[in-house]
Amino acid sequence: MKKKIVFMVINMNIGGTEKALLNMINEMPKDQYEITILMLEKYGGFLDAIPKEVKVEYLEDYAAYKQLLNRPVKTTAVELIKQGKIVKSMALACVYTLSKISRSKMLYYNYVLKNLPEYKNKYDVAIAYAGPMDFISYFVAKKIKAEKKIQWVHFDVTKIGFDKMLCEKLYEIFDKVYVVSNEAEKKLIRKIPSIKGKTEVFVNVVSQVDILSQSQIGEGFNDDFHGKRILTVGRLSREKGQDLAIRALARLIKEGHKVKWYCIGEGNARYEYEQLISQLNVEEHFILLGAKSNPYPYIKQCDLYVQPSRYEGYCITLIEARCLRKPIVTTNVNGADEQIKQGITGVIVNKDEGSLYNSVKTLIMNSKLMNTYSNNLSKESVNSDEIKKLLKFIK
């Protein structure tokens, strides 16, 4: 009989977390596991990439609970008064005040979500995959019936909004907490020492064979440019650091280097970056390509891959660039030194414009060094056996 496993995520947006999930699901034996992806929102460029044998479900009424949890309590309380629900308004305000005084977000969550029913299905394993995300962690911990429960942590908990007290209470309910890099695990344990015995590093799963195959199909660069092509892949947001890349490129162009910097991804910082590109007069040199479900032809065709992020959990695009043997410059985010051997397979730099500019300049002026990094990467294996950890645990 197949084991029933549910992975809970926000949506299937084109991003590293979602890509890692798809990679992992593709590695799981289809004859042994019945897999469900439970989403909060029916959205995302990876929806069509979900294997046909995987069940896809959506959490009904999430939008209402999202609004209740995210908007100011005062707004909700006033609205309840206007509806004549004065007792409810006072109760909500009291619970919120008590949760603030006691610094217990769990108290507020328990009250607000008390009428949210348990999920309709029972599973062998329930996984809060898009983590840390308070609602998903709470829902899997409290509202899904399962023999085993797993929390996944994809990010550096010192760099994002992370409610230590809420997560400490929730994570004690989980049987296992997987963290995507050694450094991210250390930071999580420093925040919540009580979970040390149940944490384990689980590096994002990739399939080098699939990446190589997909790099041969679909579109790549279609402009008639004969200089050095630099590529960055990631959501357009401050944490991904594209603004550092734009400023570094402007300095390279000012010095007369024949280079274009392409960026794959979408996000809420697009307008800000378009303004910066215009301000620095690099419209012809820094190209926002938008989201691509298959970025691999671009990675294959670029001369240099650069990851300018301010923080990461464990950067999956670095794994992908390594699979395609690209010379790499990356900022010193979590897991960078677990992927890149400094000065051997790439360069790890500080998270600032100057460091990025200097390293990129050195490489685009030294094709021999870039070839050395590529050759050294060709001697490494980036195939992951991480999936065996999960399969062993859920037996």
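**Close-up views of a predicted model**

**View A. Lys341 sits in the loop between helix H14 (336–339) and strand S13 (346–349).** Helices here are DSSP runs of H or I with at least four residues, strands are runs of E with at least two, and both are numbered from the N terminus. This is a predicted model, where local features need pLDDT of at least 70, side-chain atom pairs count only at pLDDT 80 or more, and totals for chains, interfaces and linings use all residues. Residues are numbered from 1 along each chain as its sequence is written, and side-chain values use heavy atoms, leaving out hydrogens and water. Buried or exposed, or something in between, for Lys341? Lys341 is partly exposed, because its relative accessible area is 46% (buried is under 20%, exposed over 50%, partly exposed in between, with a 1.4 Å probe and protein chains only). Setting aside residues up to four places away in sequence, Lys341 touches Gly346 and Glu380 (contact means heavy atoms within 4.5 Å). The side chains of Lys341 and Glu380 are also joined by a polar contact of 3.3 Å; that term means a pair of N or O atoms within 3.5 Å, and within protein one must be able to donate a hydrogen and the other to accept it, with residues adjacent in sequence counting only if both atoms are side-chain atoms.

View B. Asn294 counts as buried because its relative accessibility is 16%. Which backbone oxygen does the side chain of Asn294 reach? That of Gln214, at 3.1 Å. Apart from neighbours within four places in sequence, Asn294 is in contact with Gln214 and Ile217.

**View C. Asp61 has a positive phi, near 70 degrees, without being a glycine.** Most residues other than glycine have a negative phi. Look for Asp61 in the loop between strand S3 (55–58) and helix H2 (62–70). With a relative accessible area of 56%, Asp61 is exposed.

**View D. Asn281 is not a glycine either, and has a positive phi of about 60 degrees.** You'll find Asn281 in the loop between helix H11 (270–279) and S10. Asn281 counts as exposed, because its relative accessibility is 59%.
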